[in-house]
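Please look through the structure shown here together with the briefing that follows it.

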Amino acid sequence: MDADYANIPDDIEGFDALADLPLQSADEQTRMWQQQGQYMLSDSGIHSVMSGTSAPSVCSQPIGGSDELEAPWPSGPGHPGSVGAVEAAFPPSDLSGMLSPGTPLSSSGGTTNTPIPLDQGIGGPASNLTSIGGNFDEASDLADAASALPELVPLLEDEDPVVVGQASMMINQLSKTRPNLEIIINTPGMVEALVRSLDTAAPEPARWLAGTLHQMSQTPGGLAVIFKTGGVAALIRQLSSNIEVIQFYSITTLHNLLLYQDGAKEQVRECGGIPVIVGLLKKNNQKFLAICTDCLQLLSFRHPQTKLEICSAGGPVELVHILLNYNYEKLLWTTTRVLKVLSVCPESKVSVIRANGIDALTKHLTRAPHEPRGPNPSPRLLHNCLWTLRNLSDAATSQEIAGPLFERLINLLASSDHTVVSCSAGILSNLTCNNQKSKQQVCASGGIKALIEAIKRSNDQEDIIEPCVCALRHLTVRHDEACRAQESVRFFDGLSVLSRLFDVTTTLSVRKAIINLVRNLALCPGNCADLREKGVVAQLCGVLQSAYRDMQVAANGCPPETASGRIRASRCDDLAEACCGALQLLARDPDSRAALSQHCCQLLCQLLFLPTQTEAVPRAALGLLWELSSQQEVPNYLASHGVVLNRLAELAQHGTSEPCRQYAALLL
C-alpha cells in the first residue's frame, strides 16, 4: 500500500499554511512553499499548582511553540496536494478496482479494452460531446474554451454513464491549466453540477470529478465556490469510497478548505466529518495518514467538543498505534500535534493516557546514553512529544511509569535547548508528585544531580528554575530514599545554588517552591548548619519581613480590595506560612535558634495580630515561637508585652485549629 504514494514529494509541511496569507505569483509561491516555517503559539494547557504537594507543581507560564507553519497557496505539480502528485501516487495500472482514463465504462459498468466510439449507440449528447472535444483539441485561445465549457454542464448529469465519464475527464484535463481552471470556476452551474455528480457517478467519473474539485481547491475562488455549493458534505461522503485515489483527492481538498476557507471547519463538524476522518486512521499509508491527522489537528485546535468527539470515535487508540508503528517523521509530527491538542482537555487527556500514550510518546524522545542507539527525533517532533507529555503528566501522577521515560528526561535536562529543559523538568515535577515509586526511580537514575546542574545552567530563567526546584522538593520528602536525597542535594552543592536563588527570583510561586525545598532539606540534621552558614536562615528572615509588609498593606486596604489584590494577599499568607515552617525546622540548630530569638521575636508576635484568610499564618508563627522559647529572649519579650499575652490567651481559648490552641497555651 505504501508504494502507491512513493512519488509524493516530501515537502508535506505545506499542510499548515495559514488562511490569511497574501496571494503571490506562482514562482514566489513555489519558493515560499519550499521554505521551512516558524512555530506559532501552542495550545499548551500546562497545569501549575503551587500550594502544597497535593497536586502537580510546574510553571504556569504559557509556552511559545509551534503549532502552525506558514506557506503560500499550494501550486505546481510538485506540491503534495496537487493533482500531479496524486496521479503519481495512484498510477492507474497499480490501482485495484480503478478505471484507467483510456478504458471508458462499458454499458454494464465494467471496463473494456477497446475504446468505444463516442457516437456509437449514443444519441444527441454524445454528438455534442464529440464536437466539444474537437473544439478543445483544436482550441488556441481562452475564448474557445470559455464558449465550450457551458455545454459540458448538462452532460455531467446525463443518464448515460459513458457521457458523464467523458465529460468529467474533459473538465478534469482542462482544470490542469490555471487559465482554464478559472473559466471552470466561473462557468455558471459548473461547480454545482460537479458536486451533485460526485455522489451519483460511477468510480471512474467520480475520480475525475474529485480530481477537478481538488484542483479548484488550490485557488481562493475555487475554495469559496466549493464551500458555497455544498462541496464539503459531498467530499465527506467520498471519504467512505472504496477507491483510494478518490479518498486521497477528497481528504486533500478538505484539508485545503480547512486551511484557507472561513466556515469550513464548522461545516465539516456539522456534516459528521470527525468520526469519518478518525476512521481513516486505520489505513496503513503513512502519507495519507499525515493529511488525515493534520485535518484532525485543524478541527480540534481550541474546540473542546471536537476533542471529545475524536476520543469517543477511538482517536487516541489510533493515534497511539501510529506512534508505535511508524517512523515517517512528518506523520509522527502531525500525529503528536493532534495528541498535544487533546492533552489540554481534562477528559481527552485521560483517554490518551489509557491508550498507552505516555509509552508511545516516550519512544520518540532522545535516547539516554546507555540505551541502544536509535534514530534521534527531529527538534519539532521532540518538542511536540515533550509538550504533550507535560500536559498529560499532571493526570498521570498515580500511574506506574516505565523507567526509560525518567532516564530520557534526565538525559534531556543537559540539553542546550531551553524548551527541552523546561518541559523535561516540568514532566519530572508532575510525575514525582505523591508517587513514591517514581521518586525512587528518578533518584536512582541521577535525577538530583541533573536537576541541580540544570538550575546552574538556567541563566536565572524562572521557567526552568521553578519546575526543577519543584521536582527537587518532591524528591526530598515522603519516600524511603528521602534522607539520602536530602544529603545528595548537599553533596552536589545544591545548598549554594538555593542560597543564590533567593537573590535572582522574584515570582512568589518560585520563592515559595524554594522555601518548601529548604524546609525539606532541614529535615536532615546535617544540612541545618550548612544552610545557616550559606546565609539561608538570614534570607528566610528577609522574605518573612517582606511578606509581613505586603500583608500589612493589604490589611490596611491599600491597594483597594480587588480580585488581584486578594490573590496577592493570599500568596503572601502562603509565603509567610512557608517561611515560618522552614525556620522552625532550622531552629533545631542551636546557633540558628539563638540568632532567630534575637531578631525575629517581635516580627512573629506582629504576625499574630494581622487578619488573614485562615489561621495558617498565626499557627506557623506560634510554632516557631514555641521552638525558640527555650532561648531566654522569647519569654522575656512575651512577659514585657501584655498585649501579646492577651492575644495568646485569646488564641488559646478561641483558636479554630487544635495546633493553634495548643501552641498558644504552651507559650502562656
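A salt bridge is counted when a side-chain nitrogen of Lys or Arg lies within 4 Å of a carboxyl oxygen of Asp or Glu. This is a predicted model, in which local features need pLDDT of at least 70 and side-chain atom pairs count only at pLDDT 80 or more, while totals for chains, interfaces and linings use all residues. Residues are numbered from 1 along each chain as its sequence is written, and side-chain values use heavy atoms, with hydrogens and water left out.

**Salt bridges**

- Side chains of opposite charge can pair when their charged atoms come close.
- Across the whole structure, the search finds 18 salt bridges.
- One of them joins the side chains of glutamate 182 and arginine 178, at 3.3 Å from N to O.
- These two residues are 4 residues apart in helix α6 (residues 178-186), which means that about one helical turn separates them; helices are DSSP runs of H or I with at least four residues, numbered from the N terminus.
- Glutamate 182 is partly exposed at 29% relative accessible area, and arginine 178 is partly exposed at 42%, where buried means under 20%, exposed over 50% and partly exposed in between (1.4 Å probe, protein chains only).
- Arginine 380 forms a salt bridge with glutamate 329, with their closest N and O atoms 2.9 Å apart.
- Because arginine 380 lies in helix α20 (residues 379-393) and glutamate 329 in helix α17 (residues 329-342), this pair ties together parts that are 51 residues apart in sequence.
- Arginine 380 is buried, with a relative accessible area of 11%, whereas glutamate 329 counts as partly exposed at 23%.

**Asparagine 172**

- Asparagine 172 has its place in helix α5 (residues 161-174), and with a relative accessible area of 0% it is buried.
- Its side chain makes a polar contact with the side chain of threonine 212 at 3.4 Å; such a contact is a pair of N or O atoms within 3.5 Å, and within protein one must be able to donate a hydrogen and the other to accept it, while residues adjacent in sequence count only if both atoms are side-chain atoms.
- Leaving aside residues up to four places away in sequence, asparagine 172 touches Trp208, Gly211 and Thr212, where contact means heavy atoms within 4.5 Å.

**Cysteines**

- Taking a disulfide as a pair of cysteine sulfur atoms within 2.5 Å, the count comes to 0 disulfides.
- Cysteine 311 is in no disulfide, and the nearest cysteine sulfur, that of cysteine 345, is 7.0 Å away.
- Cysteine 311 is buried at 16% relative accessible area, and cysteine 385 also counts as buried, at 0%.
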